[in-house]
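Dear colleague,

I am handing over the structure we spoke about, and below it you will find my notes on what was found. Please read them with the structure open beside you.

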Amino acid sequence: MLKQWDNNHDYHSFANSDEVKVNHLSLSLTTNFETKQLTGQVELTLEYINSQATELWLDTRDLTITAVLSAAGEALEYCLDKQNDTLGQRLNIQLATATTHVVIHYHTSPQAQGLQWLTPEQTSGKQLPFLFSQSQPINARSWIPLQDTPKARITFDAVINVPQGMRAVMSAMNDASAELNGVFTFTMEKPMPTHLLAVAVGDIAFGELGARTGVYAEPEMLAAAVAEFEDTESMVAVAESLLGPYQWGRYDMLVLPPSFPFGGMENPRLAFMTPTLIAGDKSLVSTVAHELAHSWTGNLVSNATWRDLWLNEGFTTYFTNRIVEAVYGKELAELEVVLENGRLQEAISATPIAQQTLPANMQDQDPNEAFNRFTYDKASMFVHDLEKRLGREAFDKFLFDYVQAFAFEAITTETFIDYAKQTLLKQHSDKITETELLQWVYGEGMPSWFVAPTSNSLVKVTMALRAFDDGAAASSLMTQGWRVHHWQYFLNNLPEQVSHQALSDLDYTFEFTQSTNAEIAFDWFRVAVRNRYQSVLPYVEAYLIKIGRGKFVKPLYAELVSAGFAVDAKQIYAKAREGYHPSIAVMLDQQLLK
């Protein structure tokens, strides 16, 4: 019998936000790189949904609470519940009569999953340490006691104290000209989900990209980052033409050290980016477009629970493709959709059918598991299908109206379905039926009418694959003018089994093992490891030690184990683990240290 879930309830938060809502945070924190802790206080501004409420329930994980006070300074009774391995602990606070502000004094743990403390040796400059946060999905609670649910949007202000000579930046309005005097102040006046709270501290410089866009990075990385991301202002203009005015004032980015676990993180006003995007040829900047697109689909209209993640990632993945098409051309946009579908088909073959729906039914699991190819790529294919059915002009109107209708709100899958019934299905009943809509959203696998995307640009790659499979030498393949995406398609569509002689021929001709493009190196290493081509192992080790991006490291370790290199995988992990973000290390511990 299937378990019945309340689709409006956030199973990954203890917060009683339906009773008492925290709508503003005032943070005052001091960074201590020696103890690897943030110490200070947060003042919570409360809104009573139920005027009779007498308790405030907050999310925490590995926080030490030293005092809980009313705004008048009176001590409030509080207790922490038993630790839950995934969710942390509930902090129960007894509310005094008419208390509208609660002040919590606390400090974080050196092991906080939402914070990574890097030594100077782990940075580009090698002189100063570095701190950065990663709050999504439920790690904000490891550095702030709060209602850590996307349902409860907040505004915030903050004072961050850091060592002299270092810069602090946050997901708020940043002042690139601020003195490095050890004190930084921030304000975010627009309500945002708590998983978008972000902070970073280090040797950070700024480069301007446009009137409202710029990039922060370590000084050694700045020039390359500015060159790679120079089209960002154009991307903002394209995005606005599709979904309306950019609502957050500025769109700045921060290029983090290589241990950052994601390609990017859409923190408003300060998107975090992995340095693996800096390939020198703008070939991987669609991630910039993706994080920018989240400014509308994800930050402006957001998921109410992690089950509803597809509303963020599916629409954003589609929207990314539209930005890429407008800025870089139709060929690149088509190639990216084909590669996207390739990732999806790989996941379909490896995932139980019950988990192949758009809603990520992970209510009793770690919400990190919701970030999969179905919430991203299947959801994107659904949105592409809507565009194809309605025609671009009609679909663009639907998408624009949808974003305006739910701006600054968190919605569930069912909210979207209800909205689509009132708009999409009424206005375009000849193009899509309710049955087809529901099949896309709740159906397992792909709908029977789904047609895989194609690109004429891949004909030459398919011909090269056939020739190589028939025994042609790598040097004879016609690869002139190939983009990174062509090479990715080539590597991802090689036969499961390739001889060592053929692999050696490919590597000698195209120098895949030495590739400085993180995506190409990753795809090549998977092929080589799968076929036990052991000469790549030292390079795989160097790659896994240097890069901490989950998209790369988790599959590569899995490939090593599957190919019979479990001992090697564990030895590499022992060397690399210290450089990984805690949220990635937690998952890899389960994978490799069982």
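The face of helix 13 that is turned away from the buried side carries two exposed residues, Gln501 and Tyr508. Please keep in mind here, and in everything that follows, that this is a predicted model. The buried residues of helix 13, which spans residues 500-510, are Ala502, Leu503, Leu506, Asp507 and Phe510. They cover an arc of only 130° around the axis, and therefore they sit on the same side of helix 13. As for what lies over the buried residues of helix 13, the cover includes helix 11 (459-469), helix 12 (484-492) and helix 14 (518-530). After helix 13 comes Glu511, which has a positive phi near 55°.

Asp62 has a phi of about 60° and lies in the loop between strand 3 (55-60) and strand 4, where Asp62 is partly exposed, at a relative accessible area of 32%. Arg269 has a phi of about 70° and is placed in the loop between strand 17 (264-265) and strand 18 (270-273). Arg269 counts as buried because its relative accessible area is 2%, and buried means under 20%.

Next come two loop residues. Leaving aside neighbours within four places in sequence, Gln356 is in contact with Ile348, Thr351, Phe374, Lys378, Gly443, Glu444 and Gly445. The C-alpha atoms of Gln356 and Glu189 are separated by 38 Å, and these two residues are 167 residues apart along the chain. Ala72, by contrast, has its place in the loop between strand 4 (64-70) and strand 5 (78-80), and at 67% relative accessibility Ala72 counts as exposed. Between the C-alpha atoms of Ala72 and Asp281, which are 209 residues apart along the chain, the separation is 57 Å.

Not counting residues up to four places away in sequence, Thr155 touches Asn23, His24, Leu25, Met188, Glu189, Lys190 and Pro191. With His24, Thr155 makes a polar contact of 2.7 Å between the side chains. Thr155 counts as buried, because its relative accessibility is 16%. In the loop between strand 9 (130-133) and strand 10 you will find Pro137, which is joined to Gln136 by a cis peptide bond with an omega of about 0°.

Finally, there are the cavities. The count comes to four cavities of 30 Å³ or more, and the largest cavity holds about 60 Å³ of space. The largest cavity is lined by Asp6, Asn7, His9, Asp10, Tyr11, His12, Thr305, Trp306, Arg307, Ala360, Met362 and Gln363. Which kinds of residue make up the lining of the largest cavity? The lining of the largest cavity divides into four nonpolar, five polar and three charged residues.

With best wishes

Notes
Residues are numbered from 1 along each chain as its sequence is written. This is a predicted model: local features need pLDDT of at least 70, side-chain atom pairs count only at pLDDT 80 or more; totals for chains, interfaces and linings use all residues. Side-chain values use heavy atoms; hydrogens and water are left out. Buried means under 20% relative accessible area, exposed over 50%, partly exposed in between (1.4 Å probe, protein chains only). A polar contact is a pair of N or O atoms within 3.5 Å; within protein, one must be able to donate a hydrogen and the other to accept it, and residues adjacent in sequence count only if both atoms are side-chain atoms. Contact means heavy atoms within 4.5 Å. On a 1 Å grid over the protein atoms alone, a cavity is a set of points where a 1.4 Å probe fits but cannot get out, and a pocket is an open set with protein on both sides within 12 Å along at least five of seven lines; lining residues have an atom within 4 Å of a point. Grid points are joined across faces, edges and corners, and a volume is the space filled by probe spheres set on the points. Ala, Val, Leu, Ile, Met, Phe, Trp, Tyr, Cys and Pro count as nonpolar, Asp, Glu, Lys and Arg as charged, and the others, Gly among them, as polar. Helices (H or I, at least four residues) and strands (E, at least two) are DSSP runs, numbered from the N terminus. The arc is that of the directions from the helix axis to the C-beta atoms.
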